[in-house]
Amino acid sequence: MNILAIDTSTMISTVTIASDSEIIGDFNVNQQKTHSESLVPMIETLLDLLGMNIKDIDRFVISKGPGSFTGLRIGMTIAKTLAQANDKKLIAVSTLLALANNSCSDKLKVPMIDARGNRIYGAVYDKGFNEVIKEDLYTIDVFSKLVNELDDEVELIGEVSSKYEDLFINRRTLPISFNNCIGKSLIKVCLENLDQSYNLYELSPNYLRKSQAERELLNDKKNAN
C-alpha cells in the first residue's frame with residue numbers, strides 16, 4: 001500500500017510518501033511562498049523522484065488542524081481533490097496528535113502550536129496517545145497551569161515549546177528535529193487507522209476557533225444591535 005501524507009497546518013509544507021510501512025520520500029519546506037504555490041509542485045516533484053504517479057497512491061492522509069487557517073484550507077482542498085479524483089480514501093488526523101506521535105517515550109506528551117497573542121493550540125496525550133487534556137485553544141498561562149496540575153513528567157513538542165518552557169514543571173523540551181515536519185507521524189497514525197472512513201463532502205479543517213474575519217463580523221453585528 002502506498003500512502004501520501006500532506007501537512008500545511010504551519011508555515012512548513014510537508015509531503016511524505018510511504019510504501020507499506022516504509023517511508024520512501026519526505027519533502028519539507030519552510031518558505032515564504034504560500035502553500036497554494038508550493039504544495040502541488042512538491043507532490044509532483046516527490047512522485048517524479050520516486051518514479052511514481054499519483055494513481056500509484058492507495059490512501060491519502062491530511063493534517064486537519066488546528067493551525068494556520070489559510071494553510072489548513074489549502075491542504076484540505078488539495079487532499080480532498082486528489083482523493084476524489086483518484087477514487088481513494090482520505091484519512092484526516094489531528095495536527096496535535098501527529099505532533100505527539102513524534103515522541104515514542106512513556107512520558108506525557110504536550111504538543112503545542114502557536115496561536116499568537118500568548119495563546120496556543122495544545123493538548124496532552126499519554127503514552128498510548130489518549131487525550132489527557134483535550135485539544136483546544138488556550139492562553140499559555142491557563143494551559144501551563146493545567147499541565148502542571150497533572151504533577152507528572154511531560155515532553156513539550158512543537159516550535160513554540162522553547163518559548164514557553166519555563167512555565168512548565170517537570171518538563172523536557174524535545175530537540176528541534178521533533179518539533180515540526182509531521183509527515184512521518186501522519187503516516188504512522190494512518191497505518192493504525194486504515195479502516196477509518198471519511199465522507200469527503202463533509203470533511204473540513206478543525207480550526208478550533210473562528211477566523212479573524214468571522215470574529216470581526218460577529219463584533220460588527222453585536223455593535224449594530
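I take helices as DSSP runs of H or I with at least four residues, numbered from the N terminus. By that rule I found Gly 71 in helix α2, residues 69–85. I am working on a predicted model, where local features need pLDDT of at least 70, side-chain atom pairs count only at pLDDT 80 or more, and totals for chains, interfaces and linings use all residues. Residues are numbered from 1 along each chain as its sequence is written, and side-chain values use heavy atoms, leaving out hydrogens and water.

Next, I checked burial: Gly 71 counts as buried because its relative accessibility is 1% (buried is under 20% relative accessible area, exposed over 50%, partly exposed in between, with a 1.4 Å probe and protein chains only). Leaving aside residues up to four places away in sequence, I saw Gly 71 touch Thr 8 and His 35, a contact being heavy atoms within 4.5 Å.

Then I turned to salt bridges, and the structure holds five. Each needs a side-chain nitrogen of Lys or Arg within 4 Å of a carboxyl oxygen of Asp or Glu.

- I looked at Lys 134 with Asp 136, whose closest N and O atoms are 3.8 Å apart; Lys 134 is exposed at 53%, while Asp 136 is partly exposed at 22%.
- I noted 2.6 Å for Glu 149 and Lys 145, and both residues are exposed.
- I found Glu 192 and Lys 188 paired at 3.3 Å, N to O; both sit in helix α6 (residues 183–192), four residues apart, about one turn of the helix.

Conventions:
Helix = DSSP H or I, 4+ residues; strand = E, 2+ residues; numbered from the N terminus.
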